[in-house]
Amino acid sequence: MAKPRPQERDRIPPLVESLLAELGEDPRREGLRSTPTRVSRALRELTDGYGTAPEDVIAGAVFEQDYDELVLVKDIPFYSLCEHHILPFFGTCHVGYLPKGKVVGLSKIPRLVEVFAHRLQLQERMTREIAEALNESLVPRGVGVVVEARHLCMEMRGVQKTGGQLITSCMLGTFRRDARTRAEFLDLVRRP
Ligand SMILES: [Zn+2]
C-alpha cells in the first residue's frame, strides 16, 4: 500500500490572519473566520500557472496541416493579478498566427493564455510570453497577440478613474515584418 503523503501545512492562512489584524480587523469575528483559508485557496487557484509548463499545454495537440492562412482566436477572456499590487487586471486577448505546416488545437490557445495569466504578471510581459510560447512550439511564419485590459490597481486607487483600457501587442515573424499581414490581423481583431 502506498504511504499517504504527509499533509503539508498551508502557510498562507496565518499570514492572512496577521494581515487582517494589521489592517485593523478582528480575524476572529464571525464573517472573517474562514477568510484566511478562502484567501489561500483563491490565491493558489489564481496563481496555478506557475505549476504548468506552457509547452505541456500545447504538446499533444499540434497537428501537421498544410493550411497556410491566418488563424485567429478572438476575445479570449482572462483574469490576472498585477505583480506590483497583487490586484486584478482582466480583459480580452486576441491570438493570431500564420501556420507553416503545423497548427494547434483551438482549445489549447485559451488554455495557454490562462497559464500565463494565472501568475503575478505585467500585461506587457504576459503579451510577449503568450506570443513567444506559440512561436516556439509551432514555429509558424508569424504570431500576433493583442491584449486589452482594465487594471484595478489603477482604477480603485484613483490613479485613473476613467476605466480606460491598456492595450498591448506583440508581433513576431511576418506579423512584424509584413505590414499587410499585420493589417489583416489587426483588422480582424477590431471587427465586431
Ligand atoms: Zn498594479
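Colleague: Let's start with His151, which lies in strand 6 (residues 142-151). Is His151 buried or exposed?

Modeller: Keep in mind that this is a predicted model. The cut-off for buried is under 20% relative accessible area. The relative accessible area of His151 is 9%, so His151 is buried.

Colleague: Which residues does His151 touch, not counting residues up to four places away in sequence?

Modeller: Start from where His151 sits, in strand 6. With residues up to four places away left out, its contacts are Pro88, Phe89, Gln123 and Leu166.

Colleague: On to the largest pocket. Which residues are closest to its centre?

Modeller: The largest pocket has a volume of about 160 Å³. Its lining has 13 residues, and the closest to the centre are Cys82, His84, Leu122, Glu124 and His151.

Colleague: Which elements give two or more residues to that lining?

Modeller: By class, the lining of the largest pocket has six nonpolar, five polar and two charged residues. As for secondary structure, the elements giving two or more residues are helix 5 (123-138) and helix 6 (152-155).

Colleague: What are the protein donors of the zinc ion?

Modeller: A donor atom has to be within 2.8 Å of the metal. Three protein atoms lie 2.2 to 2.3 Å from the zinc ion, and in sequence their residues are spaced C-x2-H-x67-C. The donors are Cys82 (SG), His85 (ND1) and Cys153 (SG).

Colleague: How many residues apart are Cys82 and Cys153?

Modeller: Cys82 is in strand 2 (residues 71-82), and Cys153 is in helix 6. Both residues are buried, with Cys153 at 7% relative accessibility. The pair links distant parts of the chain, 71 residues apart.

Colleague: Staying with cysteines, how many disulfides does the model have?

Modeller: Two cysteine sulfur atoms need to be within 2.5 Å to count. The count comes to zero.

Colleague: What about Cys93, then? How far away is the nearest cysteine sulfur?

Modeller: Cys93 has 0% relative accessibility, so it counts as buried. Cys93 is in no disulfide. The nearest cysteine sulfur belongs to Cys170, and the distance is 11 Å.

Colleague: Which residues does Gln121 touch, not counting residues up to four places away in sequence?

Modeller: Gln121 lies in strand 5 (residues 120-121). At 2% relative accessibility, it counts as buried. Its contacts are Ser80, Leu81, Cys82, Glu83, Phe89, Phe116, Met126 and Glu129.

Colleague: Is Tyr50 buried or exposed?

Modeller: Tyr50 is in the loop between helix 2 (35-46) and helix 3 (54-58). Leaving aside neighbours within four places in sequence, it is in contact with His118, Arg119 and Leu120. Over 50% relative accessible area is exposed. Tyr50 has 52% relative accessibility, so it counts as exposed.

Colleague: How far apart are the C-alpha atoms of Tyr50 and Ile12?

Modeller: Along the chain, Tyr50 and Ile12 are 38 residues apart.

Notes:
Residues are numbered from 1 along each chain as its sequence is written. This is a predicted model: local features need pLDDT of at least 70, side-chain atom pairs count only at pLDDT 80 or more; totals for chains, interfaces and linings use all residues. Side-chain values use heavy atoms; hydrogens and water are left out. Buried means under 20% relative accessible area, exposed over 50%, partly exposed in between (1.4 Å probe, protein chains only). On a 1 Å grid over the protein atoms alone, a cavity is a set of points where a 1.4 Å probe fits but cannot get out, and a pocket is an open set with protein on both sides within 12 Å along at least five of seven lines; lining residues have an atom within 4 Å of a point. Grid points are joined across faces, edges and corners, and a volume is the space filled by probe spheres set on the points. Helices (H or I, at least four residues) and strands (E, at least two) are DSSP runs, numbered from the N terminus. Ala, Val, Leu, Ile, Met, Phe, Trp, Tyr, Cys and Pro count as nonpolar, Asp, Glu, Lys and Arg as charged, and the others, Gly among them, as polar. Contact means heavy atoms within 4.5 Å. Donors are N, O and S atoms within 2.8 Å of the metal (3.2 Å for Na, K and Ca); water is not among the atoms, so sites may look incomplete.
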